[in-house]
Amino acid sequence: MKVAVLGAGAIGAYVGAALHRAGADVHLIARGPHLAAMRQDGVRVLSPRGDFTARPRATDDPAEVGPVDYVFLGLKANSYAACGPLVEPLLHGTTAVVAAQNGIPWWYFHRHGGPYDGRRLESVDPGGAVSAVLAPERAVGCVVYAATELERPGVVRHVEGTRFSIGEPDRGVSARCRELSEAMRAGGLKCPVETDLRNDIWLKLLGNISFNPISALVRATMRQMCHHGGTRRVIETMMTETLAVAHALGCEVGVSIERRLAGAEKVGDHRTSTLQDLERGKPLELDVLLAAVVELAEITGVPVPTLRTVHALSDLLALRSAA
């Protein structure tokens, strides 16, 4: 099995190292000092489950890699529309694209069934620009429950969690999903194949839609947000509104808001990916988290006043940080 990890940052390098440890032919695509460190010393994973080093091939040129069986996308969703030149050399007729993104994916209504089947969401696929680069037929959904940070070039700090849930947009259990699941599990990760991954998408989004933008607005860790009474109430309200949109689309999260908050609190002083991006001067990945759910609320007629307010504030933050 040949795998290219496009955007081998903290999550991508962690997955690539695990798959390489399982015997897959892994190619990490990255750039800058991180690429140089991985070329020289491999990927060093520091984890409460045990430290290890893996030495998959690393490059900044997808043409050197050539066609693969799986492209694991570690890129931020806001860069998908422009990633065509990077993805194209990696594709053959049946290459699967495994999008390890937060939030609502561009393929959400692909083979969804029902009244919204095939509908395009402008907030995540503006003008169809993402679908033109990443055909929905290639998509294998992936919901990441692992928390990692790039401690320094070539060194990934695994904070907690090893689960990467995957699934087909049409809710089937395909051979490509089974093969990927087996390889991920052989590398020490949890990788269940879900018959309806959209439920997992909303479960993960329940935290991302609230903690990520709030953390950037107030520069706070998970623990700090959970322990501040007023902020915790805002987050609870955001979660309640998000669940209402999910229910309107026929999805069931299966976890209470209180349990979700308790799980977040256990993570401790972890900085969300949005806060990390803000601190590093990177674009903020908020369209797939907030704007998409606001758009879905408009489609389904669900009132989401708190989500709209936080979206307005965080959208201005994103514009100012990009200026």
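I count a residue as buried when its relative accessible area is under 20%. With that cut-off in hand I looked up Cys-226, which has 4% and is therefore buried. A reminder to myself before going on: this is a predicted model.

**Cysteines**

I stayed with the cysteines and asked how many disulfides there are. The count comes to 0. Cys-142 is in no disulfide, and the nearest cysteine sulfur to it belongs to Cys-191, 6.6 Å away. I need two sulfur atoms within 2.5 Å to call a disulfide. Cys-142 also goes down as buried, because its relative accessibility is 4%.

**N-terminal domain record**

Next I checked the annotation. An unreviewed UniProt entry puts "domain: Ketopantoate reductase N-terminal" at residues 3-104. In the model, I get 29% helix and 26% strand over residues 3-104.

**The seven-stranded sheet**

I then traced an open sheet of 7 strands and wrote down its order as β5-β2-β1-β6-β7-β8-β11, with mixed pairing. Which strands stand at the edges? They are β5 (57-59) and β11 (164-167); each has a single partner strand, so one side of each has no neighbour in the sheet. On average, neighbouring strands here are turned by 20 degrees against each other, ignoring direction.

I took a closer look at the β11 end of the order. Strand β8 (residues 139-144) runs antiparallel to β11, and 4 bridges join them. Within this pair I found Val-143 standing opposite Ser-165 of β11. A general point I keep in mind when reading strands: side chains in a regular strand alternate between the two faces of the sheet.

**Around β10**

My next stop was strand β10 (residues 155-160), which pairs in the parallel sense with strand β3 (residues 43-46) over 3 bridges. I noted Val-156 in β10 as the bridge partner of Val-45.

β10 also pairs with strand β9 (residues 147-152), this time antiparallel, and I list 5 bridges for them. Here Ala-147 stands opposite Glu-160 in β10. β9 and β10 form a hairpin with 2 residues between the strands, and I see Gly-154 there with a positive phi near 85 degrees.

**C-terminal domain record**

Back to UniProt: the unreviewed entry lists residues 196-314 as "domain: Ketopantoate reductase C-terminal". I get 76% helix and 0% strand over residues 196-314. The end C-alpha atoms of this stretch are 30 Å apart.

**Helix packing**

For packed helices I go by the angle between the axes and the distance between them.

I started with helix α7 (residues 197-218) and helix α12 (residues 287-300). Their axes come within 9 Å and cross at roughly 120 degrees. That makes α7 oblique to α12. I have the crossing of α7 and α12 down as left-handed.

Then I turned to helix α9 (residues 229-248) and helix α10 (residues 257-267), whose axes are 10 Å apart and at an angle of about 130 degrees. Why do I call α9 and α10 oblique? Roughly antiparallel would need an angle over 145 degrees, and roughly perpendicular covers 65 to 115. At about 130 degrees, α9 and α10 are therefore oblique to each other. What is the hand of the crossing where α9 passes α10? I noted the crossing as right-handed.

Technical notes: Residues numbered from 1 in each chain as written. Predicted model: local features only at pLDDT ≥ 70, side-chain atom pairs only at ≥ 80, totals over all residues. Heavy atoms only, no water. Buried < 20%, exposed > 50% of the residue type's maximum accessible area, 1.4 Å probe, protein only. UniProt positions renumbered as here; feature names shortened; annotations may be inferred. Pairing = 2+ DSSP bridges. Axes fitted to C-alpha atoms, helices over the stretch in contact; angles between N-to-C directions. Parallel < 35°, antiparallel > 145°, perpendicular 65-115°, else oblique. Left-handed = near helix turned anticlockwise from the far one by under 90°.
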